[in-house]
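Please open the model in your viewer and keep the selection panel at hand. The tour below moves from one selection to the next and says what is found at each stop.

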Amino acid sequence: MENLDQLYQEIILDHYKSPRNKADLSYLPDDQLHENPSCGDTIKLELVFDENDCISSVKFDGHGCAISTASASLMSERLMGRTRDEADGLMKSFIGVMRGELETDALAEWGDLAALGGVSQFPLRVKCATLPWHALKAELDKDLT
Ligand code: ZN
């Protein structure tokens with residue numbers, strides 16, 4: 001189990017140091033900025049859907065701790081090519097695990113994202129991990145109208 005924890009820490013650090021799909025989104029309006037005041041994390045998220053309503057581009061921008069940055073980076077990889085419904089399901093499952101409503105086993109098939117499962121045991125860090133997913137929820141809700 002210790003080796004697994006070590007592997008998970010390495011995954012999180014790798015995504016923190018080299019975030020995937022991080023871009024300058026300063027052109028997005030400030031009302032798209034999501035914040036986690038308890039830690040100081042901020043994020044903006046941009047989704048592009050193709051003609052089949054599949055996600056063809058995910059970009060995020062912001063400043064954050066290792067957990068929030070890794071969560072955004074891992075989420076961006078997971079979302080590529082997903083349909084709107086699939087993205088919505090992933091968002092609900094991830095937030096459910098972080099809130100302790102679902103077992104962390106629910107992330108077992110999620111590849112590197114499983115590395116964040118242990119965060120659910122640290123209430124102060126849960127908001128860091130879920131911040132990008134709340135930004136995702138806002139984007140999904142917005143595009144439905
Ligand atoms: Zn944080």
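How many disulfides does a search of the whole structure find? The search finds zero, a disulfide being a pair of cysteine sulfur atoms within 2.5 Å. Before going on, note that this is a predicted model, in which local features need pLDDT of at least 70 and side-chain atom pairs count only at pLDDT 80 or more, while totals for chains, interfaces and linings use all residues. Residues are numbered from 1 along each chain as its sequence is written, and side-chain values use heavy atoms, with hydrogens and water left out.

Colouring by relative accessible area (buried under 20%, exposed over 50%, partly exposed in between, with a 1.4 Å probe and protein chains only) shows Asp41 as buried at 2% and Cys65 as buried at 14%, whereas Cys39, at 33%, is partly exposed.

**The nonpolar core.** Next select Leu47, Leu79, Phe94, Leu116, Trp133 and Leu136, which touch the most other members of the largest nonpolar core, a set of 38 residues. Such a core consists of buried Ala, Val, Leu, Ile, Met, Phe, Trp, Tyr and Cys residues joined through side-chain atoms within 4.5 Å. Its largest share, eight residues, comes from α4.

**The largest pocket.** Now move to the largest pocket, with a volume of about 560 Å³, where the volume is the space filled by probe spheres set on grid points joined across faces, edges and corners. On a 1 Å grid over the protein atoms alone, a pocket is an open set of points with protein on both sides within 12 Å along at least five of seven lines, a cavity is a set where a 1.4 Å probe fits but cannot get out, and lining residues have an atom within 4 Å of a point. Of the 21 lining residues, Asp5, Tyr8, Ala115, Gly118 and Val119 are the closest to the centre of this pocket.

Finish at the largest cavity, which holds about 70 Å³ of space. Select Thr42, Ile43, Phe60, Ser68 and Thr69, the closest to its centre among 13 lining residues.

Notes:
Helices (H or I, at least four residues) and strands (E, at least two) are DSSP runs, numbered from the N terminus.
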